[in-house]
Structures are given as C-alpha cells and as structure tokens.
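Please keep the sequence and the model in view while going through them.

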Amino acid sequence: VTLAMKYCGRPVSRTIRIVGKNEPVITGRWGQESIMCTGETPQEPIRELIFKDTGDFSISYAPIESYTDFWGKAAVDFAAGTLAFNVEDGNRLPTGAKLSGKMSISGDKLILDGFFLSQPQTTGGLCTYTFAK
C-alpha cells in the first residue's frame, strides 16, 4: 500500500508492505535469548538485531542510542528456510564470522542455526541462536 499526500505543497509518500496473517515476519527488533554452540562460543551476546522492511539489518552487541556494530542487507528465503547477512559497513566488523545458515520462526522466537555472529572466531564453531522480540 502506498500512501501519498501533499504537505506544504510538496508531495510526500510512504509505501507499507502488508503481509498475510499467517505469513512469517522477521521485521522488528530482536534480542538474543539463548545460544548453543559446537566448538567456540561468541564472547558477547547480540543484544539488538534489527530487520527493516527494506531488507536492511543491523547488529549491536551493546546498543547505546543509535550505535550499531555492523549493518547491511539481509537475504531471506522463507521457502528454503535460509538467511544470509551481507555486511556493508560497521563500527566493529566481525572477523571470521559465519553470516549465513538456516532460519526458522516459531511463535515469537527467531532461530538462526549454523551462524557465528560475533568476534573473534579463532577456533571455529557454529552456533544456534534463539532471539525473542
């Protein structure tokens, strides 16, 4: 749906994507609830994972106002159950991270399996993250 109007004689518009009641939705702010890893465990939890309806994402380990650690575009394939983070820039880019894997939504939980979203990943290991809104 696109809403359009004139404000002070200038056109203004905003497009809103409406999804069906039973369609999966990942947009919004998520916080890490738990993590299980094989091998190494990340040093810091992800306190803020944000998905926007534009396909943008941001990750913050310790959010302070508008600070984020890194951001970019998220490639989501709901049919295949996969997610890939394509990092564009950041204040603290993770080294050795594994930024793609399986994704599922169960109720108000987002589960990412086969990721390593922190730094440094020195000895390897893959994690299953559970996020809640």
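**Notes on the model**

1. From the N terminus on, the order of elements in the protein chain is β-β-β-β-β-β-β-β-β-β. The model is a predicted one. Its C-alpha atoms fill a box of roughly 60 × 35 × 20 Å along the principal axes. Of the 133 residues in the chain, 32% are buried.

2. Side chains of opposite charge can pair when their charged atoms come close. The structure holds six salt bridges. One of them joins Arg-29 to Glu-48, with 3.1 Å between the closest N and O atoms. This pair links distant parts of the chain, as Arg-29 belongs to strand S3 and Glu-48 to strand S4 (residues 48–51), 19 residues apart. Arg-29 counts as exposed because its relative accessibility, 55%, is over 50%. Glu-48 counts as buried because its value, 13%, is under 20%.

3. A salt bridge also forms between the side chains of Lys-109 and Glu-33, at 2.8 Å from N to O. Here, too, distant parts of the chain are linked: Lys-109 is in strand S9 (residues 109–115) and Glu-33 is in strand S3, 76 residues apart. Lys-109 is partly exposed at 24% relative accessibility, and Glu-33 is partly exposed at 45%.

4. The side chains of Lys-73 and Asp-56 meet in a salt bridge with an N to O distance of 2.8 Å. Lys-73 lies in strand S6 (residues 70–77) and Asp-56 in strand S5 (residues 56–60), 17 residues apart. Both are partly exposed, Lys-73 at 33% and Asp-56 at 24%. Elsewhere, a network of salt bridges links Glu-44, Asp-69 and Arg-92.

5. Which residues form a nonpolar patch on the surface? They are Val-1, Leu-3, Ile-16 and Ile-18, with about 390 Å² of accessible area together. Ile-18 is placed in the loop between strand S2 (10–15) and strand S3 (28–39). Its relative accessible area is 62%, so Ile-18 is exposed.

6. The largest pocket has a volume of about 300 Å³. It is lined by 16 residues, and those closest to its centre are Arg-17, Ile-26, Thr-27, Lys-52 and Asp-53. By type, the lining holds eight nonpolar, three polar and five charged residues.

7. Ser-106 is found in strand S8 (residues 100–106). With 44% relative accessibility, Ser-106 is partly exposed. Ser-106 and Pro-24 are 82 residues apart along the chain, yet their C-alpha atoms are separated by 9.3 Å.

Notes: Residues numbered from 1 in each chain as written. Predicted model: local features only at pLDDT ≥ 70, side-chain atom pairs only at ≥ 80, totals over all residues. Heavy atoms only, no water. 1 Å grid on protein atoms, 1.4 Å probe; cavity = no way out; pocket = protein on both sides within 12 Å on 5 of 7 lines; lining within 4 Å. Points joined across faces, edges and corners; volume = space filled by probe spheres on them. Nonpolar A, V, L, I, M, F, W, Y, C, P; charged D, E, K, R; others polar. Patch = residues over 30% accessible without salt bridge, like charges linked within 9 Å, V, L, I, M, F, W, Y side chains within 5 Å. Areas by Shrake-Rupley, 256 points an atom, 1.4 Å probe, with all protein chains shown as cover. Salt bridge = Lys/Arg side-chain N within 4 Å of Asp/Glu carboxyl O. Helix = DSSP H or I, 4+ residues; strand = E, 2+ residues; numbered from the N terminus. Buried < 20%, exposed > 50% of the residue type's maximum accessible area, 1.4 Å probe, protein only.
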